[in-house]
Amino acid sequence: MPACQNCGKEWSWGTTFRGLIRVSMAMKCPYCGERQYGTASSGRRMMVIGLIPIPLVFIIPYISGMTVWIALALAIVISVVLIIIMPFFLKLSNEQEPYW
Ligand SMILES: [Zn+2]
């Protein structure tokens, strides 16, 4: 789990997840109230992880002869797992970094 760069306290999964689903990249630390931002490198990593299910849906039915519907169900399961592990990949920073 990411730790606040201001007070050093580790965030819970719920806090991190709530921060992630917000549109703005600024997240408020529940312990010290300071604004925290996801680092550019962790943001890129999460973006790559989020894209993993897309090629899988096309590749798995092709190589295994699985129906598209099963592959789609599998992709949904993978997406749910990815959403659950996503907060583990977030790293916090006191400053907002440019993404690219
Ligand atoms: Zn803090």
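What percentage of the 100 residues of the protein count as buried?

Author: Of the 100 residues, 30% count as buried, that is, under 20% relative accessible area, whereas exposed means over 50% and partly exposed lies in between (1.4 Å probe, protein chains only). The model is predicted: local features need pLDDT of at least 70, side-chain atom pairs count only at pLDDT 80 or more, and totals for chains, interfaces and linings use all residues. Residues are numbered from 1 along each chain as its sequence is written, and side-chain values use heavy atoms, with hydrogens and water left out.

One feature of the surface is a nonpolar patch made of W13, W69, L72, I76, V80, I84 and F88, with about 740 Å² of accessible area together. Patches consist of residues with over 30% relative accessible area and no salt bridge; nonpolar side chains (Val, Leu, Ile, Met, Phe, Trp, Tyr) are joined within 5 Å and like charges within 9 Å. A salt bridge is a side-chain nitrogen of Lys or Arg within 4 Å of a carboxyl oxygen of Asp or Glu. Helix α4 (residues 68-85) supplies the largest share of the nonpolar patch, five residues. I76 lies in this helix and counts as exposed, because its relative accessibility is 54%.

There is also a positive surface patch, formed by R18, R22, K28 and R35. With a relative accessible area of 48%, R22 is partly exposed.

Note on methods
Accessible areas come from the Shrake-Rupley method with a 1.4 Å probe; for residues, only the protein chains shown count as cover. Lys and Arg count as positive and Asp and Glu as negative; His and the chain ends are not counted. The place of a charge is taken as NZ of Lys, CZ of Arg, CG of Asp or CD of Glu. Helices (H or I, at least four residues) and strands (E, at least two) are DSSP runs, numbered from the N terminus.
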